[in-house]
Amino acid sequence: MILVNTDYISGKELEMLGLVKGSTIQSKNLGKDITQSFKTLVGGELKAYNEMMNDARALATKRMVEEAEALGADAIVNVRYASAAVMQGAAEVMAYGTAVKFR
């Protein structure tokens with residue numbers, strides 16, 4: 001599956017199949033949440049949250065690709081990501097784009 005953040009793929013004529021998306025809501029366990037809270041006192045990268053968001057993006061992307069494959073897509077164009085805090089220590093990540101088939 002080809003994923004691009006442009007509305008075209010060079011050298012390909014595209015047939016639009018429709019919007020596809022994938023999402024997940026992730027949180028860290030209480031122990032990691034407490035240690036990350038202490039990290040905010042001294043500054044620096046919050047590695048546990050960075051890891052959580054990377055995992056969430058990967059899962060949201062996987063779900064978007066599965067939805068596109070179910071439509072028979074060859075690629076997804078205009079791929080975008082959005083995130084929002086659901087509650088302290090938990091975030092929703094959504095991946096979305098347009099599923100396309102090559103002509």
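**The sheet and the helix across it**

Author: E1 and strand E3 (residues 75–87) are joined in the parallel sense by 2 bridges. Two strands count as paired if DSSP finds at least two bridges between them, and the elements themselves are DSSP runs numbered from the N terminus: helices are H or I with at least four residues, strands E with at least two. The model is predicted, so local features need pLDDT of at least 70 and side-chain atom pairs count only at pLDDT 80 or more, while totals for chains, interfaces and linings use all residues. Residues are numbered from 1 along each chain as its sequence is written, and side-chain values use heavy atoms, with hydrogens and water left out.

The whole sheet is open, with 4 strands in the order E1-E3-E4-E2 and mixed pairing. E1 (2–3) and E2 (14–27) are the edge strands; each has a single partner strand, so one side of each lacks a neighbour in the sheet.

E3 and E4 are antiparallel, with 10 bridges, and isoleucine 76 has alanine 99 in E4 as its bridge partner. These two strands form a hairpin with 2 residues between them, and glycine 89 in the turn has a positive phi of about 85°. On to the other pair of E4: E2 and E4 run antiparallel and are joined by 13 bridges. There, valine 20 is the bridge partner of glycine 97 in E4. In a regular strand, side chains alternate between the two faces of the sheet.

Helix H2 (residues 47–70) lies across E1, E2, E3 and strand E4 (90–102), at about 145° to E2. Contact means heavy atoms within 4.5 Å; axes are lines fitted to C-alpha atoms, for helices over the stretch in contact, with angles from 0 to 180 degrees between N-to-C directions. H2 has 24 residues and spans 35 Å from first C-alpha to last, close to the expected 34 Å, where the expectation is 1.5 Å times one less than the number of residues.

The buried residues of H2 (under 20% relative accessible area; exposed is over 50%, partly exposed in between, 1.4 Å probe, protein chains only) include Tyr49, Met52, Met53, Met64 and Val65. Alanine 58 also lies in H2, but is partly exposed at 48%. Its C-alpha atom is separated by 9.5 Å from that of valine 93, 35 residues apart along the chain. After H2 comes glycine 72, with a positive phi near 85°.
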